[in-house]
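Please consult the sequence and the structure shown below while reading.

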Amino acid sequence: MSLLLLLLSRSPPAAAGDGRKSDSRLVSEQFSQAPQKLAFYNWYGSARLFHFRVPPDTVLLHWLLQVTRGSGPACSNVETTVYFRYGAPPVINPLGTSFANNTSVQPSFLLKMLQDNASFNVSYPAPGDWFVAAHLPPSSHKIEVKDFIPTCAYIFQPDMLVVRVVEMSILKPDVPLPLVLLSQPSYLKVFVPKHTQELRLELQGCVSNGSLGCPVHLTVGSATLPGNFQKVLTCSDPTTACRLLLPSPPWERWMQVTAKSLAGPRASVTFSAVVALTACRPWTVNLQHLLNSSDQSSNTSTGTPLPSPNTHDLDQSGKAGSGPFCFRSFPILREDMDVVSVRFRPLDGVSVLVQSDMPSVMQLYLNTGMDSGGSLSISVSINQTVIANNTSVVACVTAGSPFLSFNTSLNCTTAFFQGYPLSLSASSPTANLSIPYPETDNWYLSLQVLCPERPEECVQASVLVETTMYLVPCLNDCGPYGQCLLLRRHGYLYAGCSCRAGWRGWSCTDNSTAQTLAQQKVATLLLTLSNLLFLAPIAISVHRCLLVEASVYAYTMFFSTFYHACDQPGGAVLCILNYDTLQYCDFLGSGVSIWVTVLSMARLKASLKYVLFILGTLIFAMSLQLDRRAAWNTMGPCLFAIVVMVTMWVYRCGRRRHCYPPSWQRWVFYLLPGLSMAALALTIYVSMMTSENYYYTHSIWHMLLAGSAAFLLPPRDQHAEPWACAQKLSCRYEICKNHRDELYTVT
């Protein structure tokens, strides 16, 4: 409730003396989501995403941000970066990496938090989807063992509070709406129907305190982030008409208009607001036209112009229009292929006939609310042999409404959206565009033939343009050095690239820190061939008749070798099984190897030892299935095995009245080197591994683990011969020997 009072105490920017707190037209609402634990940034999956929906007729959006940190010694005051975006998740680049070619990205709107609380206001926000993303500073690339080193939890929670209007006046086209402005603003809205080419807003008959004049401040449109294309008009000159022209306003939605008085707190301003809409008659290319043009274009390489729409065609309603058409509308088929994966194509295939008399427009339906988590990829191309040197095809990709003013401007800008321009010519026959996380809206691709040097030559010009339009989860599937991962926030799905081998960037195309192919091969060889050192404990185990231990070491060597061969990026990769299966077997083999080595050192009775072997393996299998990266899932059973070993050694020391093992050579030449190697391996594994040195530090870990097992394995029984177990595998008769001490001897 205190948050609502705080919101009501604040108000949208208004004229001095505005008594907003008593405005009965405004109501407040609060929205919140469950908090999330922040992470240090490494890739897009490190950022925590929040999805809100702003209701219509909102005049103030108040973000209340809160970061809660733990109380442990590792907790310190760190900077939290928060991003805001309308219509789609924010495209962020904290690492300063480069994007792929032909990728268009707007700068992100961000807020850096050094304190635990912060707030942020947006006046007159656009209704619909709003996204908030937050993360901690970039990570140090240190590989931390989970639950082993103390860490600090930073919890982030955003709250969204809105003030919206419950009584908003509606402007109807060509119908004057009388208004009187006092200290409070007037909130208006007008519906922009489909095929609106231009909107004109005008204030007529302005009178301020009985004298001519129009001291009015107009705000037209809604605020969006990161780019804000609201139109602001200040009317103060009584001799100048107060008028605003908006080309290509967004179709099929309400447009908000706010009028405020600049005449002072006690003055009144009287005027009439008038809205005029200029309709644009589309000529929809139906299936018969597409078939005819396809047949005609197959007979000529230059393409044949479509029949003139100004003479005998009808508009979409089926009735004859009174004016000329202003663009051709090509029907587009939307084909949903998978999650965040859509293909768009014209009904006749992939080609569109573009002419010079009017734009050709294709509508891409990306308004389902689940399409903004991918990347929009558009490619247009022409046959460079059929286009003149002074002729070009210009294109514009926009959201909300198409760009139709190619004859007057090439800025590719509609009323509230800065589009993405493309150009085709004989020297540049192909143009590509990639838009990460496109806004939830109807998108449009507009094309037209232009002759900038000799316009008269473009009267009958026509070009067949091939289009390839996709919505994909990740551009180019993140390339050979990345993995496209599908992320989820509640029911919202979005995708991101996780890069390897030093490659970075949104699509893993930044090779500024990338490993060369030779470095990748060296890393693969180190990580795989270092496991061959397990041949030493395998041979020693067989030599000392420890066949179960030898089997475990062989299992570990095999799966560790092929897991690291599969874990490499790019061309130096070999997977004999599923990656997750190989990883699980590698982790299981490493833990069980430590388990059997320590229990073998305890010198238990054979039956008890093998029972513990089986129970430990089952416990390892269960714990790794729960969380294979948790430190105590592996260290817990190993510590229990060490307790068993120490207990047996202490028991033997007390029973024999001397230290166990009794031989100093055993301590100096076997136990101390083995324990030193194990301690060094643990130190490297816990505190020295980073993403940069992983391939050689982890290789050292393999060698130290195998070496410590070779040194720590117990010696063979006193009466057992070397390789006795191997000799038993041969198929021949042997003389059984009795090694028991005889108590009585007959002479």
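Which residue in strand 29 is the bridge partner of valine 397? The bridge partner is tyrosine 420 of strand 29. The model is a predicted one, in which local features need pLDDT of at least 70, side-chain atom pairs count only at pLDDT 80 or more, and totals for chains, interfaces and linings use all residues. Residues are numbered from 1 along each chain as its sequence is written, and side-chain values use heavy atoms, with hydrogens and water left out. Helices (H or I, at least four residues) and strands (E, at least two) are DSSP runs, numbered from the N terminus.

- Six strands make up an open sheet with mixed pairing, in the order 21-22-26-31-28-29; two strands pair if DSSP finds at least two bridges between them.
- Strand 21 (281–284) and strand 29 (420–424) are the edges, and each has a single partner strand, so one side of each is left without a neighbour in the sheet.
- On average, neighbouring strands of this sheet are turned by 30 degrees against each other, direction ignored.
- Strand 28 (residues 392–399) and strand 29 run antiparallel and are joined by five bridges.

- Strand 16 (residues 216–220) is antiparallel to strand 17, with five bridges between them; valine 216 has cysteine 235 of strand 17 as its bridge partner.

**Helix packing**

- Helix 7 (residues 579–601) and helix 9 (residues 631–656) have axes that come within 8 Å and cross at roughly 5 degrees. Axes are lines fitted to C-alpha atoms, for helices over the stretch in contact, and angles run from 0 to 180 degrees between N-to-C directions.
- Helix 7 is therefore roughly parallel to helix 9 (angles under 35 degrees count as roughly parallel, over 145 as roughly antiparallel, 65 to 115 as roughly perpendicular and the rest as oblique).
- Residues of helix 7 in this contact (heavy atoms within 4.5 Å) include Gly591, Ile594, Trp595 and Val598; among their counterparts in helix 9 are Pro637, Phe640, Ile642 and Trp649.
- The contact of helix 7 with helix 9 comprises 13 nonpolar, two polar and no charged residues. Ala, Val, Leu, Ile, Met, Phe, Trp, Tyr, Cys and Pro count as nonpolar, Asp, Glu, Lys and Arg as charged, and the others, Gly among them, as polar.

**Pocket and cavities**

- On a 1 Å grid over the protein atoms alone, a cavity is a set of points where a 1.4 Å probe fits but cannot get out, and a pocket is an open set with protein on both sides within 12 Å along at least five of seven lines; lining residues have an atom within 4 Å of a point.
- Grid points are joined across faces, edges and corners, and a volume is the space filled by probe spheres set on the points.
- The second largest pocket holds about 950 Å³ of space. It is lined by 44 residues, and those closest to its centre are Tyr86, Ala126, Pro127, Arg253 and Asp441.
- Strand 19 (253–261) gives the largest share of this lining, four residues.
- The lining of the second largest pocket divides into 19 nonpolar, 17 polar and eight charged residues.
- There are five cavities of 30 Å³ or more, and the largest cavity contains about 120 Å³ of space.
- Of the 14 residues lining the largest cavity, Arg85, Val91, Val105, Gln106 and Pro226 lie nearest its centre; the lining divides into ten nonpolar, three polar and one charged.

**Backbone features**

- Proline 226 lies in the loop between strand 16 and strand 17, and the peptide bond from leucine 225 to proline 226 is cis, with omega near 15 degrees.
- Tyrosine 660 and proline 661 are also joined by a cis peptide bond, with omega about -10 degrees; proline 661 lies in the loop between helix 9 and helix 10 (664–688).
- Glutamate 252, in the loop between strand 18 (242–247) and strand 19, has phi near 55 degrees, a positive value in a residue other than glycine.
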